Amino acid sequence: MMADDGIAAARNGHSPHAMRRLGVVVGGSLSRGLDVRLDGTSHASLEDVAVGSFVTIQGKRQRYFAVVTDLELRAVDDSIRHFPPDGVSGDGGDGFVAEVMGGTLAYGQLSVMPSMTAPLDTGTDGRAAALTEQAKTIPEHFAPVYAASQTDIDAVFSARGSDAFALGSPQGMEGASIRLDLGTLATRSVGVFGASGTGKTFLARMLLAGLVKEGQAVSLVFDMESEYGWQGQDNDRHRQVKGLKQLFPSRVVTFTLDEESSRRRGVTPDGVVRIGYDEIEPADIEVLRDLLNLSEVAAATAWNLERHYGGGAWLQAFLALTGAEVGDLANEMGVNLAALQTLHRRLSAWGRFGFLADTGAGSGSAGGIIEHLQRGNHVVLEFGKYGRNNAAYVLVSNLLTRRIHDRWVRDKESADGGQGDEPRPLVIFIEEAHKFLTPEIASQTIFGAIARELRKYNVTLMIVDQRPSGIDSEVMSQLGTRLSCALNDDRDMNAVLMGARDAGQLRGVLARLDSKQQALVFGHAVPMPVVVRPRDYDESFYAEMAIQHPVGSPATVGAVGETDAERMQREIDELFPPE
Amino acid sequence: MMDTMAGQRVGEVMVSHTERIEAQCYELLSAPPLGSLLRVGSPPVYAVVREVWNEPLDPTRPLAPRGLSLETEEEIYVTNPQLGAMLTTRFAATIVGYRDGTLMRPGLPETPPNLHAFVFVCDGDETSEFSRELGWLRILLADRSPAADSALARFLRQSCAGAVDRREFLTRAGRTLAAELAGEPLRLQSVLREMVR
């Protein structure tokens, strides 16, 4: 049998010695997954196979790529539970009895989920990749199962070859790398989930960096905690890491809502966001109803105000009123006085929002930001202190996104009508998505609309959240690709897997992710579910992200291998060119 | 005992079946030890000793105690020299293989050994050569008695003495046993323990 395997392996271009045999298929089904009995003699141990790792199955005509979804201790006879070898008095010699019984009467079993197949006679180079397809068959009984090799991983995950974006290494294979086609990723909405401190911010930052590097799509980042633009914090290693602006100074534009905070952090943004009062619509108030603690009636009063004062002028005119004038207005409009007073009181607090101006104009306005995006610049909006104010965050991101979306819809429709170019694919990045996308308000916010209409208008979302269960299930089910770090809550895990194929099997994998630096990736952008250890966000990543500038142009991106002192000197020289 | 008897002719076949033989020793109390491999007749048939017993030669003349006034057991035989001719030692062995040309094959021969076929105790080399293939394990296990299990364990112990890698042989044999005794883990454990004792 081993000899046959060797022949099959050799025919397939694999050295049989390079393939670590784990066991054979002994049962299962396509829907439930396959049962693989671990070999008793080849020293394949359950301890060497982690849930989420890759295996290949050598069928008669095809090779199958599968993920380990569960591990089980099995015994031929149930009495082993009651009379384990060492529990019986006097185990003959140095664990011999246990050694013999392990792997024979008592053995390990893997549950694996076959996802992809490739014909047996493909080469092991990139050509195999084009031929992999979703598994619609299963191998026969006793098909040998091997631990996947780097070649296998490449065949499945490197559809575009080795220049695709390297996200990290698969479970238990530090040397191998999982590659993502970011172009594909950006065509549908993406969700990045994970409990606090599991590394989702790093994962998201890497994806964003990849998007900027590849340049197929532009992104608009609503940077709640100011950790994507200039630099971010690595709390585990107590160090600063480079943000998008540092990595791609020529392609990323940063805006701030809170100039003071930027100044304190020593960051010079490219612009300051100015939102005009005239840009705020009653719909924005509806979205904020919960956050502002407004009753339904009070929120609806905004529509009356708009009718009364006219679109564009209503908010500023309303906020200019004194308490007595509000009473008169309520009478005049015939609306509930208490409701109007509440609305006035809550909205008056917005006077402290430094980013609100009489009218939005200049580079920091919605129009200015749209222009940057249309030119292909990626935009990061740092919220500074307003990142801690949910109302401000929701207001600004909803309002800007609505404006941008309107523009994209218009451009797309013009392009479809043969006038003008297609708008660039745009990825809108939002954190704390459950604040916009709860079942109650998902239908009202622009984000709900974007998630639902998919990529019709070339706009997709990248949502980053730690409470996916708080997000409208319809929105969740529309996410093309999901990347999930460890989650603690059952409801969150269920929400992440909602609508996914093989959700049942993936549940076990998701529940056992390390609390740091591991993510389950599945959906549109990957051919099969995979557990990834994201690569380190460090100098080597920076170097890979570096954009090759033509000779003679200023090197604005950090050179590889420079020391801190050298970097500082270079940055000083860049800022203040020597005469 | 094994070493001293290795290669020796110890008796002749008195009863012969496809699966087993019964033989009588040439000398009283000089049976091959339980679990030793025998070569019987020609062409040779191989069998493993599974039971040894001593009894009067004539079943119609039961024994009576003779040592009431004597100090030691030996004195009984010294004072009754006729006993050597009246008593006999017999042994039963399970057939586990045969020689087919130059090959030793595990399994049962087409015909059982002849009556009066000579019975030899195999030496270490022959034992190791025969036991390299483990196809005979099943046959020994089919004889479900404590003596048979004990004979099996001892035979495996002797076999491994001549194996190149003793531990490898024991583990391989143990795993084969485990597959055969999958439904009887306790019996398996007792054989395994006796094997490495």
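**Strand β23 and its surroundings in chain A**

In the sheet of chain A, Ser169(A) has Arg533(A) of β23(A) as its bridge partner. The model in which this pairing occurs is a predicted one, in which local features need pLDDT of at least 70 and side-chain atom pairs count only at pLDDT 80 or more, while totals for chains, interfaces and linings use all residues. Residues are numbered from 1 along each chain as its sequence is written, and chains are lettered from A and ligands numbered from 1 in the order in which they are written.

Strand β8 (residues 165-170) and strand β23 (residues 530-534) of chain A run antiparallel and are joined by three bridges, two strands being taken as paired if DSSP finds at least two bridges between them. Within this pairing, Pro170(A) stands opposite Val532(A) of β23(A). Strand β22(A) is likewise antiparallel to β23(A), with three bridges between them, and Leu520(A) stands opposite Val531(A) of β23(A); a hairpin through six residues connects β22(A) to β23(A). Helices (H or I, at least four residues) and strands (E, at least two) are DSSP runs numbered from the N terminus.

Strand β23(A) is mostly covered, with five of its five residues buried, where a residue is buried if 20 or more other C-beta atoms lie within 10 Å of its own, exposed if 12 or fewer, and partly exposed in between, the C-beta atoms being placed from the backbone. Val530(A), Val532(A) and Pro534(A) point one way from the strand, whereas Val531(A) and Arg533(A) point the other way.

These strands belong to an open sheet of 12 strands in chain A with mixed pairing, in the order β9-β8-β23-β22-β21-β10-β20-β19-β11-β18-β14-β15. Its edge strands, each pairing on one side only, are β9 (178-180) and β15 (271-272) of chain A. Helix α7 (residues 200-214) of chain A lies across several strands, including β8, β10 (190-193), β22 (519-523) and β23 of chain A, and runs at about 150° to β10(A); axes are lines fitted to C-alpha atoms, for helices over the stretch in contact, and angles run from 0 to 180 degrees between N-to-C directions. Helix α16 (residues 390-416) of chain A lies across β11, β19 and β20 of chain A, at about 165° to β19(A).

Elsewhere in chain A, helix α5 (residues 150-157) is largely enclosed by the rest of the structure, because six of its eight residues are buried; these are Asp152(A), Ile153(A), Asp154(A), Ala155(A), Val156(A) and Phe157(A). Gly351(A), by contrast, counts as exposed, with 9 C-beta neighbours inside 10 Å, and is placed in the loop between α14 (337-348) and β17 (356-357) of chain A. Over the chain, the secondary structure comes to 22 helices and 23 strands, and 46% of the 579 residues of chain A count as buried.

The contact between the chains takes 20 residues from chain A and 15 residues from chain B, two residues being in contact if their C-beta atoms, placed from the backbone, lie within 7 Å. On the side of chain B that touches chain A, α7 (166-180) and α8 (185-195) of chain B each supply at least two residues, and α7(B) gives the most, with six residues. The residues of this side of chain B comprise eight nonpolar, four polar and three charged, with Ala, Val, Leu, Ile, Met, Phe, Trp, Tyr, Cys and Pro counted as nonpolar, Asp, Glu, Lys and Arg as charged, and the others, Gly among them, as polar.
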